Amino acid sequence: MNARPKKSFGQHFLHDRRYIDRIVSAIAPRAEDFVVEIGPGEGALTLPLLAVAGRLTAIELDTDLIPGLQARAATTGELHIIHADVLKVDFSALAHSHGVPRLRIAGNLPYYISSPILFHCVEHAAAIADMHFMLQKEVVERMAAEPGSKVYGRLSVMLQLACRVEPLFDVPPEAFRPPPKVESAVVRLLPLPAHELHDAPPEHLHAVVKAAFGQRRKTLANALRQLLDADAIRRADVDPKARAETLAPADFVRLAKIYGNP
Ligand code: SAM
């Protein structure tokens, strides 16, 4: 216990029991669930989750933390630790290899790669039942932002097209050791059912959303110049003079379809 937290791994260990309990209650694991924790650290969430779920798979990059975690979990339940970078873990294959339709994923995420982790999870959304993540509060605000908001952007569009985003509660820096410099918040992500999913090719959607928000002060006609001309934008039922931040996620889907099928 109480190893020196490593900044390079984004280690801020949760120690405030009240927030640990609130997170575990929000997840409400059941014995039949296949729970995967990203970044278990010293086990602040792992042990209480394990106590309820009985078994848990945790993905941890820092080798030094693994023996302690294994020792602490030994009497609590069946803990399987995958020593890996979470970005390299294929969640769909993980679910498949364990014969479960969908995983429940949770974690107090390392903030330095929180957006890549979110995009990685979105790629595997069909194999995920739900996600509960601790993130920087500012990131949760961007994820849940609506069109017209200053913080509405690529993260909002890409996440909202794949999941329902439910911000749950804020967590102050003092709840962690060492305290991060920012406020944190817990968010729940519920992957959308297949019939609510869009049918634009993901690579086209990524290209259009990235270009549109890459120059968010410009009109779409300007920002998307390399991908779509004004007529094509109009054919998607979008005003070429509008700016990306005013478009609903569904508008980007129509733009991506025209981009793929001019
Ligand atoms: N869950 C613990 C807690 O709440 O106290 C630790 C949270 S700490 C913010 C983030 C954890 O993610 C650390 O244990 C860190 O070593 C781990 N981590 C960092 N980068 C990772 C990566 N790429 N893949 C998997 N785990 C990672």
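This is a predicted model: local features need pLDDT of at least 70, side-chain atom pairs count only at pLDDT 80 or more; totals for chains, interfaces and linings use all residues.
Me: Why is Q11 called buried?
Reply: Q11 has a relative accessible area of 8%. Buried means under 20%. So Q11 counts as buried. Q11 is found in the segment before β1 (13–14). Q11 and E42 are 31 residues apart in sequence. C-alpha to C-alpha, Q11 and E42 are 9.8 Å apart in space.

Me: What makes strand β6 mostly covered?
Reply: Strand β6 spans residues 128–136. Eight of its nine residues are buried. Each of those eight therefore has under 20% relative accessible area.

Me: How do you know that β5 and β6 pair?
Reply: Two strands pair if DSSP finds at least two bridges between them. Strand β5 (residues 103–108) and β6 have six bridges, in the parallel sense.

Me: What makes β6 and β9 a pair, and in which sense do they run?
Reply: Six bridges join β6 to strand β9 (residues 184–191). The cut-off is at least two bridges, so β6 and β9 count as paired. They run antiparallel. Here L135 stands opposite A185 in β9.

Me: Why is the unit of β5, α5 and β6 called right-handed?
Reply: The label follows from the path, viewed with the strands pointing away from the viewer. A clockwise path from the first strand over the helix to the second is right-handed. β5, α5 and β6 make a right-handed β-α-β unit, so the path from β5 over α5 to β6 runs clockwise in that view.

Me: How do you know that the largest pocket lies between domain 1 and domain 2?
Reply: Look at the lining. Domain 1 (7–196) and domain 2 (202–260) both give residues to it, so the pocket lies between them. Helices α5 (114–123) and α8 (202–214) each supply at least two lining residues. The lining has 21 residues, with V122, E123, A125, A162 and H198 nearest the centre of the pocket. About 490 Å³ of space lies inside.

Me: What makes up the lining of the largest pocket, by class?
Reply: It has 16 nonpolar, three polar and two charged residues. V122, A125 and A162 lie among those nearest the centre. Val and Ala count as nonpolar, so these three belong to that class. E123 also lies there. Glu counts as charged, so E123 is a charged lining residue.

Me: How much space lies in the second largest pocket, and which residues are closest to its centre?
Reply: About 260 Å³. Of 14 lining residues, K7, G10, H12, P180 and K181 are the closest to its centre. By class, the lining has seven nonpolar, four polar and three charged residues.

Methods. Residues are numbered from 1 along each chain as its sequence is written. Side-chain values use heavy atoms; hydrogens and water are left out. On a 1 Å grid over the protein atoms alone, a cavity is a set of points where a 1.4 Å probe fits but cannot get out, and a pocket is an open set with protein on both sides within 12 Å along at least five of seven lines; lining residues have an atom within 4 Å of a point. Grid points are joined across faces, edges and corners, and a volume is the space filled by probe spheres set on the points. Helices (H or I, at least four residues) and strands (E, at least two) are DSSP runs, numbered from the N terminus. Domain bounds come from an automatic or database domain assignment. Buried means under 20% relative accessible area, exposed over 50%, partly exposed in between (1.4 Å probe, protein chains only).
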